[in-house]
Structures are given as structure tokens and as C-alpha cells.
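Here is a short briefing for a first look at this protein. Keep the view open while you read.

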Amino acid sequence: MSDNAATTACADTAAPRPVTHVAAAVLLRQGPAGTEFLLARRPEGKVYAGWWEFPGGKVERGETDAQCLVRELQEEMAITVTAATPWITRRFEYPHASVRLKFFKVTAWEGGAADGDIHAVEHDAVAWTPLGAPAAVAPVLPANGPILEALGLPEVYAVTDAGAHGVAAELARLDAALAGGLRLVQVREKGDGLDGAARRDFAAAVVARVHAVGGRVLVNDDVELARAVGADGVHLSSSALRAAAVRPDMPLVAASCHDAAELDAAIALGCQFAVLGPVAPTASHPGTAPLGWGRFAELVEESPIPVYGLGGLSAADLPAARAANAHGVAALRGW
Ligand SMILES: Nc1nc2c([nH]c(=O)n2[C@H]2C[C@H](O)[C@@H](COP(=O)(O)OP(=O)(O)OP(=O)(O)O)O2)c(=O)[nH]1
């Protein structure tokens, strides 16, 4: 919104340019088809006029990202944000600028139109899209493609353990969770649990159930099995991540991380999302010191991909996760 936008020297590009810091809001509301997010069209006279973006703008000197977000939404949408949590951070090189975009999920605000809609002050149109559906409008700003993809990922990522619970009990647990809205599942059957045909049959049964409700399945560390059962992707253990020279050729690739180096490796490999932990003490890794949400937030602050917290968590931990830059929670027991 102004010429005195905060900039920092950019140390990580070949031709250093000042970095323009931007805060942008993913406004979320409950619509008839579930949760919806807002895109707004840039008006004539701006760079990329006619392109769709998340409301927001440049961080001014002395302002935090969160303060900028509140100011920009007052100016651009005439609303006062009352609930916002930090999400992913994306850096992008435009011909006109090098930008660092800090995205926030905004779930509550005051003001706006009487009918619950939002009337833009500076943009010339707004449009709501259900989460998980392709954007209702186009084109979106070039930096925003991965943001839309990330928005399609659910907040809860369930990890199976049929080896411990038994196949029938695990499938019954899955049926109940899918009925409750679960849409993202990792088949993780290793160690002494299922093997051979039993593992394959279980993975196929999970895929059939999850696909029947429009959800997605990743298979832990086994691309061949993932392909054989028609899963959507592969989830790399941290050791498989370290060994991976190229991104597995599957639509969805995710990885388990424990520290900054592994998170960097997941990003460099092209993973769509990562899981980081353990956040809390967990029975499956009793000797590992938990990160806690404070350290988790530091590690994830600059991540351009969504990161789930893992380790001793359940859906009850979502408010703490959201406050710590997490996309959501992954859970072995707590789903
Ligand atoms: N607000 C917003 N900006 C985005 C998004 N994606 C993206 O690449 N950008 C880029 C475009 C611009 O280079 C920069 C935002 O600058 P801007 O020009 O909109 O900032 P502003 O509202 O302060 O406008 P102005 O006063 O400079 O005209 O961030 C997004 O989703 N929302």
C-alpha cells in the first residue's frame, strides 16, 4: 500500500535484489459446500492487473507480518481480523520484484457485508472457492500455484498401524474416521507387522475406502506398492529422504523430518508437504527428545511447503499446531 515498504537485502539469489516483504490472507468461511477461501482480483493500474490474489500487501517499516495483515485487510476489505494463524512462507522472483510472502489463515473477522460476504475496497472483484476444489477463477498470481495446492491438503493426516492393531480393527477405525471427515491417510506398515500379501491387501483396502470418499492415500517408503494399489503418493521416511537423489515419480510425495536439514531436503526434493516431530513425547519414539511447539514454530517459520506436527498429537492439538505455523497434525494413535 505504500512506498516505504520494508525490504531486506536478499542473500540467496545470484543477482541480489532487495526483498519485498508481503503479508497475505487466506480468508476462510463456512459456506454451503464446506469451508471456502477468498481470492480477489487486482485492479487496473497495478502490476498483474486482472490476476487473482489473496488480499494483503507490503509490510511497512517497523511493522510485523501480522500487523501488516490486519492493516491491509482493513484498507482493502474493510474488515477487522479477529483470528489469524501463520502458515507457509513463499519466496518468488518476479521481473518487478523479489518477494517474501507470509501467508496467514484468517478464520474470523468483524465488519464486511451484511450478507456475510466481503466487498472489496481496492480489488475489482472477489470470489470464494471450496477448499480442495480448483480455484473458481483464473489466472492466479504466478507465485500462488503451490499455495492453492497446499490449501487442498486436509489438516489431519492419519498414519495406519494395522501391524499393532490388527487389520480388521484398523479398517474399522478407518471407516469411523472417514465418516468423521478424515481425507488423508498414510499406510505405514513396517517392522514386525504385516508383510507380503497381507500388507498389499491392507493397502488396497485402505485405498478403496479412502478413494470412495474423495480422500488421498500415501504409502510409506514403497513406490512399487503405492503404484500397485493405486495410491496417490509415497511418504518417505527420513532415511529414505536422505537417500533420495530424485523425487519419486508420483503425484504426491511427502517426507518425515526431525530437524532443519531434513526439512530443507524435503523442500529441495520437491515434496508437497512434510511431517516434523516428535512435537510431544511419544510411545513410538521413547528415547527421542520432543521439539515442543516453540521449536517447531522456529523450524517451520520460513517453510514454503505445509508441515504437519507429529508425535503424541491428535486433532485436539490443532489450535496449538495452527499457532505454530503448522498446516495440521499427523497421528499414529490420535485419529
Ligand atoms: N497481496 C498479495 N500479493 C501477492 C500474492 N502473491 C504474490 O505473488 N504477491 C506479490 C505481488 C506483488 O509483487 C506483491 C504485493 O504487492 P502489492 O503491489 O499488492 O502491494 P500493495 O497492496 O502494497 O500495493 P501497492 O501500494 O504497491 O500498489 O506480492 C498474493 O496472494 N497476495
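V234 is buried, with a relative accessible area of 0%. It belongs to strand 12, which covers residues 233-236. This is a predicted model.

**Around V234**

- V234 is buried because its relative accessible area of 0% is under the 20% cut-off.
- A203 is 31 residues from V234 in sequence, and the two C-alpha atoms are 12 Å apart in space.

**Around L291**

- L291 sits in the loop between strand 14 and helix 9.
- Its relative accessible area is 21%, so L291 is partly exposed.
- With neighbours within four places in sequence left aside, L291 is in contact with H258, L276, G277, P278, V279, F296 and L299.
- L291 and R61 are 230 residues apart in sequence, and their C-alpha atoms are 32 Å apart.

**Two alanines in loops**

- A78 is found in the loop between helix 1 (65-77) and strand 6 (79-93).
- A78 has a relative accessible area of 44%, so it counts as partly exposed.
- Setting aside neighbours within four places in sequence, the contacts of A78 are L73, G111, G112 and V121.
- The C-alpha atoms of A78 and A113 are separated by 9.3 Å, and the two residues are 35 apart along the chain.
- A244 is in the loop between helix 7 (238-243) and strand 13 (252-257).
- A244 is partly exposed, at 24% relative accessibility.
- A244 and A265 are 21 residues apart along the chain, with 9.3 Å between their C-alpha atoms.

**Cis peptide bonds**

- Where does the chain have a cis bond into P139? The bond runs from A138 to P139, with omega near -10 degrees.
- P139 lies in the loop between strand 8 (125-130) and helix 2 (145-151).
- The bond from G277 to P278 is cis as well, with omega near 0 degrees.
- P278 is placed in the loop between strand 14 (273-276) and helix 9 (292-300).

- Y48 is not a glycine, yet its phi is positive, at about 55 degrees.
- The loop that holds Y48 runs between strand 3 (34-41) and strand 4 (52-53).
- Is Y48 buried or partly exposed? Y48 counts as partly exposed, at 24% relative accessibility.
- N325 is not a glycine either, and has a positive phi of about 75 degrees.
- N325 is in the loop between helix 10 (318-323) and strand 16 (328-331).
- N325 is buried, with a relative accessible area of 4%.

**The annotated domain**

- An unreviewed UniProt entry carries the annotation "domain: Nudix hydrolase" for residues 18-155.
- Over residues 18-155, the chain is 14% helix and 45% strand.
- The end C-alpha atoms of residues 18-155 are 34 Å apart.

**The whole protein**

- How many helices and strands does the protein have? The protein has 10 helices and 16 strands.
- The radius of gyration is 21 Å, close to the 20 Å that the globule rule gives for 335 residues, so the protein is as compact as a globular protein of that length.
- Along the principal axes, the C-alpha atoms fill a box of roughly 60 × 45 × 35 Å.
- Of the 335 residues, 49% are buried.
- Take the contacts between residues at least 6 apart in sequence: 62% of them join residues at least 24 apart.

**Surface and charge**

- The accessible surface of the protein is about 14400 Å².
- Carbon and sulfur atoms account for 55% of that surface.
- The protein has 27 positive and 38 negative side chains.
- The centres of the positive and negative sets lie 2 Å apart.

Methods: Residues numbered from 1 in each chain as written. Predicted model: local features only at pLDDT ≥ 70, side-chain atom pairs only at ≥ 80, totals over all residues. Heavy atoms only, no water. UniProt positions renumbered as here; feature names shortened; annotations may be inferred. Helix = DSSP H or I, 4+ residues; strand = E, 2+ residues; numbered from the N terminus. Rg over C-alpha atoms; globule rule 2.2 N^0.38 Å. Buried < 20%, exposed > 50% of the residue type's maximum accessible area, 1.4 Å probe, protein only. Contact = heavy atoms within 4.5 Å. Areas by Shrake-Rupley, 256 points an atom, 1.4 Å probe, with all protein chains shown as cover. Lys, Arg positive; Asp, Glu negative; His and termini not counted. Charge placed at Lys NZ, Arg CZ, Asp CG, Glu CD.
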